[in-house]
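Me: Could you take a close look at one part for me, the charged side-chain pairs and where they sit? I'd like one connected walk-through, please.

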Amino acid sequence: MLHIAIVDDEILIREGLARMISKENTEFLVIGTYSDGKHLLDELPSLQLDVVITDIRMPQINGLELIKQLKASHPQIRSILMSGFVEFNYAREAIRSSAVDYLLKPIDKEQLFELLYQLEEEQQFSRDKEVRHRSGLLLTLLQGDEPPSPLLLSSLTLPQPYFSVFVFKGRSREPVCFCVDSLRQVMAFSIDSLEIQNGLHVCILYSTKQLSDSDRNEIGDRIRISANGMILHVGTSSSYNDTAKLRQAYLDAKLACSVGIYNPDRLHYANIQNIQQSEINILEPFNAIKEPLIHDLQILNMEGALERVHNLFSVLKSQQAVPDQILRVCRWVIESAQKELQEFEALYKGAPNLGLDESIASSMSFSEIERSFTNHFSSILFEIRAHRLEMSGTAVETIKRWISANYNQHADLNTLANMVFLTPSYLSKLFKQETGLTLTDYITEIRLRKAKHLLKNAPDLKIHEIGAEVGYGDPAYFNKLFKRVVGVTPNEYKRISIV
């Protein structure tokens, strides 16, 4: 839209021009008419002005002086000079003063409109170029991990003094874009829209003052109408007038948006000031299941591993962990699996599913995040187990699962071999080939791992009770074996663990 001011000391001329221009095109908006240049300059700080159409001969400040001052203080404002005089000197002075053109009175309507349409086209081109430049700087600023550099901030010019950041998240690009475009068309604000990824948009809304609660409520009502029942999460920041606060405003809006995964309503609209985010230690719940998870992974105990993961998600949900925190925990689970199962990494990277980051970022509910991760994780474990069973049969895996569940019971080689319908000698050879350990060494490893866990976490149990619990009824033998394998006695291990 072209914002136009008309300056002429003859009221009939300026008012007539205003009516004529306003009727020509709704994109031509006459925002004021003035009897001389001084009146316009006095009001200029409060005006959003693109074009000045001014007469030459006026009291106080004439047209030539007016456009000289406009060029010095507001070079982006274009000027059209009009006069009833045809002398070349006026035209030459007008060109020197950067007037767009020189029009003779009476004004030729077609010539005037040709100029205005040309200016509108130039203005749109210039604004599009400015928006592209600003959008590039904004994306660099918002997505950077480091604080923005002074050079970047000094290169960034915002359309209005204040800004507020809105983060929109939906299942796909189309509904989010529709909602953002509707907001841009209806609300009287200047808006930059940036697509961070499919379904995730950042809108920076510019204003002359800080947004009030009523402003945000009005915007929320407009978003609700535009959303029209689709699932949409929107988070907003506070208003700022310091470009150095842009990244923090984005992070605040993103956080306010991200808690939408716990909102059962289809539309989640929240301001950061209304979000109470308590400090949580996401490492603690992971550490609580890490050792048993590793053990389940080593023996491919599918049910046990998936139960550990489900318990982990239950704790994250109770703490209202946000997607970025959930992502970190999921990465720890993946890293544990990659360390314990050599096939895991290749299968994980080669799976056709969305990447972990994108999958979590695009999920619209906590249950969707858990379901997506668990399905992907379990499918890889099932594939690994199926492959291993196909390659070596079920014998070794069956024996390992039995030992894991009954480590404190005595079972000689013959009994174990009978379980899988193999001869004792063949089972021994197959087990050593698949695990690198003899059956005796494997049972010892499982028992002592459990003993170490009890020594750390069951301070009320006596040493001989722990030995009996893991299958060693003779305390002396338990002490001797523990020291030979671990390097310290059970008492010393317990004392070290407590410290």
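**Charged pairs, and the sheet beside one of them**

Reply: Let's start with lysine 38, which is partly exposed at 33% relative accessibility (buried is under 20% relative accessible area, exposed over 50%, partly exposed in between, with a 1.4 Å probe and protein chains only). A quick caveat: this is a predicted model, where local features need pLDDT of at least 70, side-chain atom pairs count only at pLDDT 80 or more, and totals for chains, interfaces and linings use all residues. Residues are numbered from 1 along each chain as its sequence is written, and side-chain values use heavy atoms, leaving out hydrogens and water.

Lysine 38 makes a salt bridge with aspartate 42, at 3.0 Å from N to O (the term means a side-chain nitrogen of Lys or Arg within 4 Å of a carboxyl oxygen of Asp or Glu). Both sit in helix H2 (residues 37-43), four residues apart, so about one helical turn separates them. Helices (H or I, at least four residues) and strands (E, at least two) are DSSP runs numbered from the N terminus. Aspartate 42 is partly exposed too, at 49%.

Helix H19 (residues 439-457) also holds a pair about one turn apart, glutamate 445 and arginine 449. Their closest N and O atoms are 3.2 Å apart. Glutamate 445 is partly exposed at 36%, and arginine 449 is partly exposed at 25%.

Lysine 254 bridges to aspartate 324 at 3.8 Å; lysine 254 is in helix H9 (residues 246-258) and aspartate 324 in helix H12 (residues 323-340), so the contact ties together parts 70 residues apart in sequence. Lysine 254 comes out partly exposed at 30%, aspartate 324 partly exposed at 40%. Elsewhere, Asp8, Asp55 and Lys105 form a salt-bridge network, and the overall count is 17 salt bridges.

Strands E6 (residues 162-170) and E8 (residues 200-207) run antiparallel, joined by eight bridges, and phenylalanine 168 stands opposite histidine 201 in E8.

Note on methods: Two strands pair if DSSP finds at least two bridges between them.
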